[in-house]
Every structure is written in C-alpha cells, then in structure tokens.
Amino acid sequence: CKQWYQRRVREDGGERCVAINATTLALINAGIPMKDYVCACAATVYQDSVLLDINNLEESSRGPLFMLAVMPRTDSIVQLQLDHRLHNDHLDKVVKETIQGCRDIQVLLDRQVKEWTVEAAAAYEIKPRV
C-alpha cells in the first residue's frame, strides 16, 4: 500500500486539476501501467470567451466553473464538474475547448515523461529510443 501526499506551496486556483495531473505523473513515474493519461483542465466563460486554466481570481468570480478530466487519446470523459450555471449556448464551445486544453496538458506531461526517461537512461548509460 502506497501513500501519496500533495503539498501546496501556493494556492492560485485549479487545485483539483493540478492534483489529477500530478497524480497521473506520479503513477507513470511509479511504473504503474495505464491505458492513457488522465488530464484535467478547468474553464470559465467571461464575456462570451472561454478561459482555460483559470486562476483563483477567475475561479472566485462567481461565473460558471467547468472542470473536466479526460483520457486525451480517446477523448473519454473521466470526470466532469460544473459549479454555477452555464448557459446552454456556451456548453459545446466550453466542452470542446476544455478537451483541447486537456490534450495540450497531455503533450506537456508526455514531454516531462520523456525527459525523465532520458535522465534515467543516462544514469544507467543506456541510449533511449525517444
């Protein structure tokens, strides 16, 4: 049985998404096989524009807070949370842009995993295929 601890140095919104993304990296780093990454991104609507990766100020603005966790390769929704009301006219746009935000996060996480692989291979003097 393993225990995981998350220590927050600074709180600036998006803690749920950060926790999901960090857990994905921790599972990969621990060598636990996964079908896909689980990536999370939060969004809100401000003056008909979708804002992604919102901070604490945007999160507390009492606008709609939309949080989505996705398996990006298949676009499978793992978790969806909506705080406050979101007008139906904005729903499709918010979902599409948040899924794209999750895909962008997957690219960043994948880049980090590749860096770890190169570092680990260098420590064992192995040439990785990246």
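Predicted model: local features only at pLDDT ≥ 70, side-chain atom pairs only at ≥ 80, totals over all residues.
When I say two residues touch, I mean they have heavy atoms within 4.5 Å of each other. Okay, with that settled, hi everyone.

Let's begin with Cys-39. Leaving out residues up to four places away in sequence, Cys-39 touches Asn-21, Leu-68, Ala-69, Val-70, Pro-72, Cys-102, Ile-105, Gln-106 and Leu-109. As background, nonpolar side chains in soluble globular proteins tend to be buried together.

Now, the strands. Strand 1 and strand 3 run antiparallel, joined by five bridges, and here's our friend Cys-39 again, standing opposite Val-70 in strand 3. On to the next pair: strand 3 and strand 4 are antiparallel too, with seven bridges between them. In that pairing, Leu-65 sits opposite Asp-83 of strand 4. These two strands form a hairpin with four residues between them, and Asp-75 has a positive phi near 60 degrees there. And how much of strand 3 is covered? Mostly covered, I'd say: six of its seven residues are buried.

For Cys-17, the nearest cysteine sulfur belongs to Cys-41 and is 6.1 Å away, whereas a disulfide needs the sulfurs within 2.5 Å. Cys-17 is buried, because its relative accessible area is 8% and the cut-off is under 20%. Cys-41 isn't in a disulfide either; its nearest cysteine sulfur, from Cys-102, is 5.3 Å away. Cys-41 also counts as buried, because its relative accessible area is 4%.

Last stop, Arg-85. You'll find Arg-85 in the loop between strand 4, which is 76-83, and helix 3. Is Arg-85 buried or exposed? Exposed, because its relative accessibility is 80% and exposed means over 50%. If you're looking at the structure, find Gly-63 as well: Gly-63 and Arg-85 are 22 residues apart along the chain, and their C-alpha atoms are separated by 7.6 Å.

Methods. Residues numbered from 1 in each chain as written. Heavy atoms only, no water. Buried < 20%, exposed > 50% of the residue type's maximum accessible area, 1.4 Å probe, protein only. Pairing = 2+ DSSP bridges.
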